[in-house]
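Colleague: Could you take a close look at one of the salt bridges in this protein for me, and then tell me how that part sits in the rest of the chain?

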Amino acid sequence: MCRKMLTFARNFHQQARYMEKEDSRTQELTVSGSEALMLALRQEGVKTIFGYPGGSIMPVYDALYDYTRGEKKAFDHILVRHEQGATHAAQGFARVSGEVGVCIVTSGPGATNTLTGVADAMLDSTPIVVIAGQVPTSALGTDAFQEVDLVGVAQPISKWSYQIRHAEDIAWAVSRAFYIARSGRPGPVVLDFPKNAQTETVCFRPQKVDFVRSYVAYPPLDLDAVSRAAELINHARKPLALVGQGVELGHAQEELRAFLEKADIPAGRTMLGLSALPSNHPLNVGMLGMHGNYAVNLKEQECDVLIAIGMRFSDRVTGSLKTYARQAKVIHLDIDKSEIDKNVKTDVAVVADCRESLPALTRYVERADHSEWRRSFLPLDEQERQRVIEPAIHPQEGPLLMGEVVNAVAEQAPDDTVLVTDVGQNQLFATRYFKYHHKRSIVTSGGLGTMGFGMPAAIGATFGAPGRTVCMFCGDGGFQMNLQELGTIMEQQTPVKMILLNNHYLGNVRQWQDMFWNRRKSFTKMLNPCYELIAQGYGIAYEAVTDRAQLKAAVGRMLAAKGPYLLECAIKEDDDVLPMTPPGKSVEEMMLDIKD
């Protein structure tokens with residue numbers, strides 16, 4: 001069987017090699033395909049699995065039983081309450097740990113329920129591996145019970161999708177899946193696992209795939225491009241860096257700081273890149289994007305050299321591409337060649353891992369003093385502080401505001417707290433007003449904007465960073481989209497601190513309706529349940545805040561609690577997120593006030 005496995009791999013031109021040092025206990029084992037999966041996952045260093053059992057994945061769950069207890073114990077399995085929750089939990093785990101998140105589900109609806117998480121992970125470059133059961137290969141194409149063409153459906157929204165048709169393929173397929181998921185620009189991989197492959201016997205030998213033909217995970221660094229980029233930077237009077245999540249994914253936080261500090265370059269950060277540079281770093285000039293900070297967005301239109309590092313020039317960052325940074329020479333550092341010139345024309349592209357390209361660029365750039373340029377940000381910062389920030393976080397009267405709740409939590413939370421958000425106004429206020437002191441401190445759905453992401457992602461984050469406080473902000477709409485995951489929190493006693501910003505509206509849609517649709521609030525008002533009774537039903541500590549005099553003490557009690565906690569805050573119904581660049585407008589048209 002082992003010899004057949006090698007022949008199969010060669011026939012399909014798969015590039016794989018045996019590990020130099022194989023575990024003697026698994027070297028000649030004859031096991032079922034399901035147990036082979038367990039051994040292959042253990043070989044990849046997996047310790048935590050999020051999942052939900054079903055008929056077509058039952059042999060795997062039977063094997064998993066032995067690997068979660070007793071002498072064979074290798075994994076902790078977290079039973080979620082919905083397969084979408086499994087993928088988002090795997091995302092949260094991956095984002096804070098830097099490891100690959102893993103989930104296991106059944107076929108049909110179990111598999112299709114994961115697709116939102118797969119698409120989310122693809123857009124946000126999150127390494128997860130989804131393993132889904134499938135009907136036996138003999139039944140494929142017959143419309144068998146709970147059959148779906150998962151590979152076909154997942155292929156456009158994943159980094160790789162593959163069907164394991166025979167048990168002899170398992171070791172190779174799993175190793176290849178993890179290599180693809182974690183290498184280069186990370187992303188999701190989907191493995192479709194027919195039932196016959198789960199029950200067949202195989203002579204298991206671990207494999208180590210570290211090469212895939214035509215897939216260049218780490219492009220070689222072009223020092224000529226680095227030199228040309230450095231020349232532009234050395235002659236710049238008004239350089240500006242745009243820092244994205246690629247710095248976090250490349251573990252290049254220290255390399256980033258060394259580069260910025262040597263060349264004295266102010267840096268804005270994308271939403272997903274917020275914790276790549278500490279909030280209190282003197283070169284940090286704020287968050288980019290539609291609801292980012294005023295000065296850095298306007299200064300994109302004034303800088304003479306724009307250095308994009310591990311970011312993709314999202315439309316939420318650039319606004320109208322017709323007017324975006326036309327005056328600037330653009331340098332783009334990214335590991336993914338497909339991002340170069342995709343949205344913004346680049347003058348110099350450095351296609352490489354930023355952990356390699358940033359130190360090389362730092363060696364070429366000259367020490368500089370751009371203090372006058374950096375000081376020019378201050379008047380704009382002051383305008384935003386007076387007109388937006390102070391009224392948002394220190395209101396003198398009226399109902400509670402989202403900004404002041406976020407600020408109250410940020411002021412008391414430990415420095416290494418992980419911020420998790422759902423999507424909508426809660427996300428925008430939370431990312432704007434939280435403080436980031438530690439790397440890998442933000443987990444949010446950026447590219448896909450998935451409501452319902454927050455709660456399961458926060459569960460995953462508690463397992464990915466068990467020593468850190470996890471605070472999850474959500475609105476009343478997103479909270480109810482994956483409400484069932486309170487059952488996972490209850491069972492696991494995951495110490496998620498849930499801050500529910502309840503304004504009885506789909507707040508972000510309501511804001512756009514007010515601003516751009518003549519205040520016609522079409523189906524955005526929400527009749528909500530009693531969250532206290534829901535928390536009580538799940539045995540989760542609960543407290544409500546209706547007055548700002550209660551806020552500080554309530555936040556303190558939440559953070560001091562050992563287990564999960566739900567803090568519901570009654571928020572002003574028409575609280576708006578500002579500043580804002582109207583959709584389709586140029587970034588210099590950013591508004592500090594709805595009346596602007």
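Modeller: Glu-384 and Arg-432 are both buried, where buried means under 20% relative accessible area, exposed means over 50%, and partly exposed is in between (1.4 Å probe, protein chains only). Their side chains meet in a salt bridge, 2.7 Å from N to O; the term stands for a side-chain nitrogen of Lys or Arg within 4 Å of a carboxyl oxygen of Asp or Glu. The pair links distant parts of the chain, with Glu-384 in helix H17 (residues 378-393) and Arg-432 in helix H19 (residues 425-433), 48 residues apart. Helices here are DSSP runs of H or I with at least four residues, strands are runs of E with at least two, and both are numbered from the N terminus.

Before going on, keep in mind that this is a predicted model, in which local features need pLDDT of at least 70 and side-chain atom pairs count only at pLDDT 80 or more, while totals for chains, interfaces and linings use all residues. Residues are numbered from 1 along each chain as its sequence is written, and side-chain values use heavy atoms, with hydrogens and water left out.

Now for other pairs. Side chains of opposite charge can pair when their charged atoms come close. By the rule above, the count comes to 25 salt bridges. One of them joins Glu-35 and Lys-72, at 3.1 Å from N to O. Glu-35 belongs to helix H2 (residues 33-43) and Lys-72 to the loop between helix H3 (58-66) and strand S4 (76-79), so this pair ties together parts that are 37 residues apart in sequence. Glu-35 counts as buried because its relative accessibility is 18%, whereas Lys-72, at 38%, counts as partly exposed.

Then there's Arg-548, which forms a salt bridge with Glu-404, their closest N and O atoms being 2.7 Å apart. Here again distant parts of the chain are linked: Arg-548 is in helix H25 (residues 548-560) and Glu-404 in helix H18 (residues 402-412), 144 residues apart. Arg-548 is partly exposed at 25% relative accessibility, and Glu-404 is buried at 6%. Elsewhere, salt bridges that share partners join Arg-510, Asp-514, Arg-519, Lys-521 and Asp-576 into one network.

Across the protein there are 62 positive and 70 negative side chains, and the centres of the two sets lie 2 Å apart. For that tally Lys and Arg are positive, Asp and Glu are negative, and His and the chain ends are not counted; each charge is placed at NZ of Lys, CZ of Arg, CG of Asp or CD of Glu.

As for the setting, the secondary structure comes to 25 helices and 22 strands. Buried residues make up 60% of the 596 residues. Among contacts (heavy atoms within 4.5 Å) between residues at least 6 apart in sequence, 77% join residues at least 24 apart.

One buried spot away from those pairs is His-88, in helix H4 (residues 83-97), with a relative accessible area of 0%. Leaving out residues up to four places away in sequence, His-88 touches Thr-116, Gly-117, Asp-120, Thr-450, Gly-452, Phe-453, Pro-456, Ala-457 and Asn-482.
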